[in-house]
Amino acid sequence: MKLSFGSDNHSGIHPQILESIKQASSNFAPAYGDDAYTQEVEQLFKTEFGPNASVFFVFNGTGANVLCLKALTQSYHSIICADSSHIQLDECGAPERFTGCKLIDIPTPDGKLTPDMVKTELYGFGDQHHAQPKVISISQSTEFGTVYTPQEIAALAELAHQHHMYLHVDGSRLANAAAFSGVSFKGLITDTGVDALSFGGTKNGMLLGEAVVFLRPELAENFRFIRKQAMQLFSKSRFIAAQYIAYFHEQLWKQTASHANMMAAYMASRLKEVSEVTITHKVESNAIFATLPRNLCDKLLEKHLFYIWDEDICQVRLMCSFSTTKEDIDIFISDLKSLI
Ligand SMILES: Cc1ncc(COP(=O)(O)O)c(C=O)c1O
């Protein structure tokens, strides 16, 4: 395949993670999470997120998001999110289908919700005609590659809790956010008051297997049943666990995410050499959003794989991953320049 800046999902599996899967394959082990690998990872998540954290593996990010939301809600609730969020745009209505809840999506300039934006939707509590607001869901990093500060997350958690609501984080790219901000997972999630987290690894070097993390024990009580009913319980759990063991070992997640972020920063700096290209969002993680003339974009697409995000303004998304190299970027920039 030609080089791809289409998605961090286009990358392969990190060799250390692949090796860890291989090692877990050398023996028999009990299924459905009763194995030593899964138990070790349960402890690792407590080390990363604090003693009250409980973790449940699922197959993918959509599964993690939908089941987190399912665990937090009843069908008469509503979930407030950004209009650019994955739960709103890219999950084929699965959150609505499985939770029965109304999604209330709010436009944002950069993918980030603020308390003032959310407050406009906080009404109708106790009114039997109105879907009851129950969850604020944010993405860290956001779908536009921007990163919330711990203070921004804490303000949203406080607002949620004032209204007996929960704060959910889609952390499909939490590693990139943590690497950018230099704040630990605990500092970004547990200490800010987040209630439930979808923790991703697939985009940062894993094969598959995201994690649902509850930061309050009572939220986890019936989750095993919810997961099984939703067909997200993997029998050979140890192969997800083995990946997380490698992922947390000597902070592999941080090396891979920092590399992806650094590559995006380098790519952004090189794109600035081209006056036809305008970077439209702050480059804070591993995504770059930029506009360019349509004919130039079409010609570049013949040589490289990336996606147009907004057809109207010809805004493209360029993603870097743990396996993107400077040389890949230099080839892209030189092809871009040669087309002008
Ligand atoms: C912000 C975000 N959340 C969640 C996901 C998870 O999606 P999937 O169900 O494809 O693993 C993605 C994948 O693109 C994403 O970008």
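Guide: Let us start with His-14, which has a relative accessibility of 12% and counts as buried; please keep in mind throughout that this is a predicted model.

Visitor: Why is His-14 called buried?

Guide: The label buried is given under 20% relative accessible area, and His-14 comes out at 12%, therefore His-14 counts as buried. This residue lies in the segment before α1 (15-24), and, not counting residues up to four places away in sequence, His-14 touches Gly-205, Leu-252, Thr-256 and Phe-322.

Visitor: What makes Asn-261 buried?

Guide: The same cut-off of under 20% applies, and because the relative accessible area of Asn-261 is 10%, Asn-261 is buried. Asn-261 has its place in helix α13, and its side chain reaches the backbone oxygen of Asn-176 at 3.0 Å.

Visitor: How do you know that the approach of the Asn-261 side chain to the backbone oxygen of Asn-176 is a polar contact?

Guide: A polar contact needs a pair of N or O atoms within 3.5 Å, one able to donate a hydrogen and the other to accept it, and the distance from the side chain of Asn-261 to that backbone oxygen is 3.0 Å. Leaving aside neighbours within four places in sequence, Asn-261 is in contact with Asn-176, Ala-179, Phe-180, Glu-284, Ser-285 and Asn-286.

Visitor: What makes helix α8 mostly covered?

Guide: Six of the eight residues of α8 (residues 174-181) are buried, namely Leu-174, Ala-175, Asn-176, Ala-177, Ala-178 and Ala-179. The elements that cover these buried residues include α2 (36-49), β5 (166-171), α9 (185-190), β6 (196-199), α12 (238-248) and α13 (252-271). Just after α8, Gly-182 takes a positive phi of about 70°.

Visitor: How many residues of α12 are buried?

Guide: Eleven of the eleven residues of α12 are buried, and the helix is described as mostly covered; among them are Arg-238, Gln-243 and Phe-248. Just after α12, the backbone of Glu-250 takes a positive phi of about 45°.

Visitor: Which residues are around the ligand?

Guide: The residues around the ligand are Asn-60, Gly-61, Thr-62, Asn-65, His-86, Glu-143, Asp-170, Ser-172, Arg-173 and Lys-203, and to be listed a residue must have a heavy atom within 4 Å of the ligand. By class, this shell has six polar and four charged residues, with no nonpolar ones, and the largest share, three residues, comes from helix α3 (residues 61-72).

Visitor: Which domains does the assignment give?

Guide: The domain assignment gives domain 1 (3-9 + 252-338) and domain 2 (17-251), with 27 Å between their centres, taken over C-alpha atoms. Contact requires heavy atoms within 4.5 Å, and 23 residues of domain 1 are in contact with 26 residues of domain 2.

How values were computed
Residues are numbered from 1 along each chain as its sequence is written. This is a predicted model: local features need pLDDT of at least 70, side-chain atom pairs count only at pLDDT 80 or more; totals for chains, interfaces and linings use all residues. Side-chain values use heavy atoms; hydrogens and water are left out. Helices (H or I, at least four residues) and strands (E, at least two) are DSSP runs, numbered from the N terminus. Ala, Val, Leu, Ile, Met, Phe, Trp, Tyr, Cys and Pro count as nonpolar, Asp, Glu, Lys and Arg as charged, and the others, Gly among them, as polar. Buried means under 20% relative accessible area, exposed over 50%, partly exposed in between (1.4 Å probe, protein chains only). Domain bounds come from an automatic or database domain assignment.
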